[in-house]
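Reader: Could we go through this structure together? I would like to begin with how the chains meet.
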Amino acid sequence: MKTMARLARSPEGIAGLLLLALPVAAALLADVFFSADPLSIAGPALIPPFTDTAFPLGTDRLGRDVLAGLIHGARASLAVGLAAAFVALVIGSLVGTIAGFAGGLVDEALMRVVEAFQIVPGLLLALAFVSVVGASLPVVVFAIALGAWTGPARLARAEVLSIRERDYVASARVIGMHPAEIAFREVLPNALPPVLALSSVIVAGAVLIEAALSFLGLGDPNIVTWGSMIAEGRNVLRSAPYLSIVPGIGLVVTVLGVYLLSEGLSNALAARGMRP
Amino acid sequence: MNRALRLLRRRIVSSIPVLLIVIVGTFFLLELAPGDAVDAYLISIGGGDPALVQSLRESYGLDQSPLLRLWVYLVSLAHLDLGWSVQFGRPILDLILERLPNTLWLMGSALALSFGLGTLLGIVAGARPGSAGDRILSIGSLALYAVPSFWLGLVLSIVFAVQLRWLPTSGIETIASGKEGLARALDIARHLVLPVSALGFIYLALFLRMMRAGMGETWRQDFVLAARAKGLARRRIVLRHVARNALLPLVTMLGLQAAAMLGGSVVIESVFAIPGFGRLAQEAVAGRDAPLLIGIIIVSAVLVILINLLVDIAYALLDPRVGASEETA
């Protein structure tokens with residue numbers, strides 16, 4: 001709780017929480033204020049922003065409400081970002097724990113696989129994966145996680161390598177615990193905190209990759225996302241640039257909020273004498 | 001030099017199994033795709049009778065088992081043959097080599113911009129930790145780091161190409177301009193300004209932040225205290241002692257970011273319609289050209305390995321401790 005108090009006092013932490021409150025509130029309240037499908041036609045096409053009270057941010061080429069898209073897009077961005085980071089952290093810490101704990105040939109083989117994933121650009125991998133399996137929300141989540149799990153895996157392995165030499169692991173071995181039980185009940189929980197500290201950076205990265213994928217037209221076509229709104233607005237970039245600019249601001253606010261929050265958190269943890 | 005060469009040899013040997021994993025992994029991933037090149041071709045020509053399908057499959061070897069085809073593929077890869085693109089009707093390696101220079105120019109310039117300017121601003125910020133300049137730069141870089149590169153590209157092109165008309169909106173050079181030599185180089189440079197800025201600014205922020213953090217740590221080291229005790233000028237301490245030691249991790253970061261930057265150029269090339277490697281990847285996805293996509297992924301992996309080898313050599317040359325332990329081992 002002391003950490004939370006420190007977080008609330010650090011300027012970065014406050015700024016991050018305030019910025020993140022916007023997309024989180026938008027995601028939670030999207031259906032309350034904009035119950036209609038944001039992909040449905042709501043009015044005349046290409047109303048400029050701040051001219052019509054019914055459409056504060058205007059409408060796009062097909063007459064869809066930009067504000068409704070922006071609000072619903074927050075939900076897609078946050079959901080994909082959080083889910084992809086979760087999947088990446090789970091895969092990464094499992095693989096890292098197994099590699100670090102088993103050692104020897106298993107470690108060698110698993111780390112080669114990690115390197116293989118690291119040398120392929122994450123966006124290209126996601127592009128190939130989505131194009132093979134077909135675009136839907138779970139597929140996009142998994143495709144993004146494919147390029148993001150290597151960082152957690154390496155960190156978890158490094159932690160496990162140092163933890164497995166500790167006395168309590170030796171004691172667990174002496175009382176006859178199964179190696180798998182030691183790995184997942186004794187070692188993994190203690191290796192997790194530094195790995196979890198990576199999560200904010202991974203969430204931010206996942207939000208950006210999701211935006212890039214849907215910008216390239218590889219997102220779920222049935223869901224409105226900020227990336228697809230930017231791509232849609234590109235068609236009328238000369239006459240209605242606001243269509244591309246508005247959703248991008250949503251992206252910047254979300255990602256900046258996550259970065260500031262993680263900066264504030266790591267400062268708060270550092271003040272407690274813990275590693276960030 | 002011997003030390004660097006030994007390190008290089010060891011790195012090359014260890015990257016071979018990694019590359020093999022990439023090749024086999026991508027091969028089987030794209031094997032999962034419904035339909036094959038013949039299906040895609042049939043759709044593009046409007047269908048055909050079963051006998052044609054059969055003969056096409058046989059001529060491309062698509063009637064064989066996946067394992068056998070993987071073996072054939074690996075053998076032809078060993079001969080530097082990446083196969084044939086049905087979509088373009090050309091050898092894949094030719095296509096990639098034709099597009100690669102544009103991407104390398106884009107990436108190389110973005111890297112030079114971000115590394116040079118990022119390090120410089122990082123030194124300015126890290127020279128006086130906690131000062132107003134430091135806070136402005138560090139918050140500014142964090143904000144810049146949160147901007148998606150493709151959106152930054154669009155905004156830059158709205159401002160500088162559409163509104164101000166200072167720079168071209170898209171392409172790599174003026175089509176059929178008949179320019180040659182220096183005029184052509186200047187034309188390409190003008191076309192590259194916006195994409196390079198869009199791709200490079202994010203990494204500029206990254207390098208700035210790393211340099212600043214590295215300098216913050218170096219300030220606390222004993223040798224800095226010693227340099228101050230000797231009465232060296234502050235300027236000399238900052239440049240010769242603190243910045244120099246904080247620079248090394250940035251070189252490592254350069255290698256680590258190579259893959260991400262290649263991925264970033266895919267989107268940037270799409271924004272600015274640059275006929276590069278990344279756009280080729282998008283065309284491969286759009287045309288369901290699996291062999292081309294495999295080729296692109298393999299070449300990008302090789303490219304990342306090569307960049308990392310260069311980084312390793314640079315690192316060994318900069319830091320005499322790297323690889324020194326192997327001489328005794």
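Reader: How many residues of chain A are in contact with chain B, and with how many residues of chain B?
Author: This is a predicted model. In it, 35 residues of chain A are in contact with 37 residues of chain B.

Reader: Which elements of chain A give two or more residues to the side that touches chain B?
Author: They are α4 (104–119), α5 (122–133), α10 (199–215), α11 (226–234) and α12 (242–271) of chain A. The largest share comes from α12(A), with 9 residues.

Reader: And what is that side of chain A made of, by class?
Author: The side of chain A that touches chain B has 26 nonpolar residues, together with 5 polar and 4 charged ones.

Reader: Turning to the fold, how many helices and strands does chain A have?
Author: Chain A has 12 helices and 0 strands.

Reader: What about chain B?
Author: Chain B has 14 helices and 2 strands.

Reader: Lastly, what share of the contacts in chain A joins residues at least 24 apart?
Author: Among contacts in chain A between residues at least 6 apart in sequence, the share is 70%. For chain B, residues 24 or more positions apart account for 74% of the contacts with a separation of 6 or more.

Terms used:
Residues numbered from 1 in each chain as written. Chains lettered and ligands numbered in written order. Predicted model: local features only at pLDDT ≥ 70, side-chain atom pairs only at ≥ 80, totals over all residues. Helix = DSSP H or I, 4+ residues; strand = E, 2+ residues; numbered from the N terminus. Contact = placed C-beta atoms within 7 Å. Nonpolar A, V, L, I, M, F, W, Y, C, P; charged D, E, K, R; others polar.
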